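Hi everyone, thanks for coming. Let me bring today's structure up on the screen, and then we'll walk through it together.

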Amino acid sequence: MDRHYIEVPGMHELPPLLVRTIGEETDRAELVERATSIVETEDMVGDCECLEQRKLDLAIHLTDQYLGLLTHWAWGDSVVEWIRQCEMTFAATGALRHLLSNDVWPHAARSSFVDLLLEKEVPTHGVVIERAVGTRLTFRQPPPIDCCSNQFLFYLNSRLAGAAYQTWAQLSHGSASHLPPDSFHFEVLEPRLDG
């Protein structure tokens with residue numbers, strides 16, 4: 001991919017990316033129970049000998065899909081907040097202030113910060129950053145599982161998030177340049193899961 005980078009003198013420190021997780025308040029057993037009601041009300045299982053096992057399997061699969069949605073939303077929320085903090089850093093730094101202005105060419109777009117994360121190969125533990133940001137752009141708050149249809153969780157979630165991200169990233173109409181990864185440093189801080 002042919003990228004055009006903005007010339008940035010020196011090395012600049014950006015705020016740390018504070019990655020939030022979905023938290024321990026997420027009760028998997030309760031989610032499976034709620035997903036079971038989705039399976040029953042949407043009549044997802046036909047008549048078969050192992051009806052209860054099929055319902056449970058589908059409910060567990062729906063729960064896994066929903067937890068993936070929550071994980072992507074939490075990452076996306078963290079990235080959107082980090083972008084906001086980076087914009088404040090740029091506004092407060094004389095050498096960077098003009099780089100985000102649409103009046104100056106070349107300039108960087110908000111999506112340039114996502115590209116910076118990708119180019120720096122930030123470890124995401126299976127989270128697709130563009131999908132995460134798209135999920136956050138789609139939902140201001142994570143939706144409860146009861147608001148999600150089985151079709152959304154199985155088929156539409158990633159497509160909707162991907163389309164939301166692509167639309168947002170293209171708001172600059174292709175006129176934006178990229179931030180050079182060698183000119184910026186930041187830390188990624190994640191909560192420790194091992195206590």
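So, what does the accessible surface of the protein chain come to, and what share of that surface belongs to carbon and sulfur atoms? The surface comes to about 11200 Å², and 52% of it belongs to carbon and sulfur atoms. Accessible areas here come from the Shrake-Rupley method with a 1.4 Å probe, and for residues only the protein chains shown count as cover.

A word on the ground rules. This is a predicted model, where local features need pLDDT of at least 70 and side-chain atom pairs count only at pLDDT 80 or more, while totals for chains, interfaces and linings use all residues. Residues are numbered from 1 along each chain as its sequence is written, and side-chain values use heavy atoms, with hydrogens and water left out.

Now the overall layout. The protein chain has 5 helices and 6 strands, and from the N terminus on they run β-β-α-α-β-α-α-α-β-β-β. Helices (H or I, at least four residues) and strands (E, at least two) are DSSP runs, numbered from the N terminus. Of the 195 residues, 41% are buried; buried means under 20% relative accessible area, exposed means over 50%, and partly exposed is in between, with a 1.4 Å probe and protein chains only. Taking contacts with a separation of 6 or more, 85% join residues 24 or more positions apart, a contact being heavy atoms within 4.5 Å.

Let's start with strand β1, residues 12-13, where we find H12. H12 counts as buried, at 12% relative accessibility. Its neighbours include T93, A95, L96, S183, F184 and H185, leaving aside residues up to four places away in sequence. The H12 side chain also reaches the backbone oxygen of P9 at 2.9 Å. That is a polar contact: a pair of N or O atoms within 3.5 Å, where within protein one must be able to donate a hydrogen and the other to accept it, and residues adjacent in sequence count only if both atoms are side-chain atoms.

Next, R20, in the loop between β2 (17-18) and α1. R20 is partly exposed, at 36% relative accessibility, and its side chain makes a polar contact of 2.8 Å with that of D77. R20 and P191 are 171 residues apart in sequence, yet 7.3 Å apart in space, C-alpha to C-alpha.

On to helix α1, residues 28-41. Its 14 residues reach 20 Å from first C-alpha to last, close to the 20 Å expected at 1.5 Å a residue; that expected span is 1.5 Å times one less than the number of residues. Which residues of α1 are buried? They are L31, V32, A35, T36, I38 and V39. They cover an arc of only 160° around the axis, so they sit on the same side of α1; the arc is that of the directions from the helix axis to the C-beta atoms. On the other side, A29, E33 and T41 are exposed. At the N-terminal end, D27 caps α1, with a side-chain oxygen 3.3 Å from the backbone nitrogen of A29.

Further along, T135 lies in helix α4, residues 129-138. T135 is buried, with a relative accessible area of 2%, and touches L69, H72, W73, N157 and A161, again not counting residues up to four places away in sequence.

Last, the cysteines. How many disulfides are there? The count is 0, with a disulfide taken as a pair of cysteine sulfur atoms within 2.5 Å. For C147, the nearest cysteine sulfur is that of C148, 6.6 Å away.
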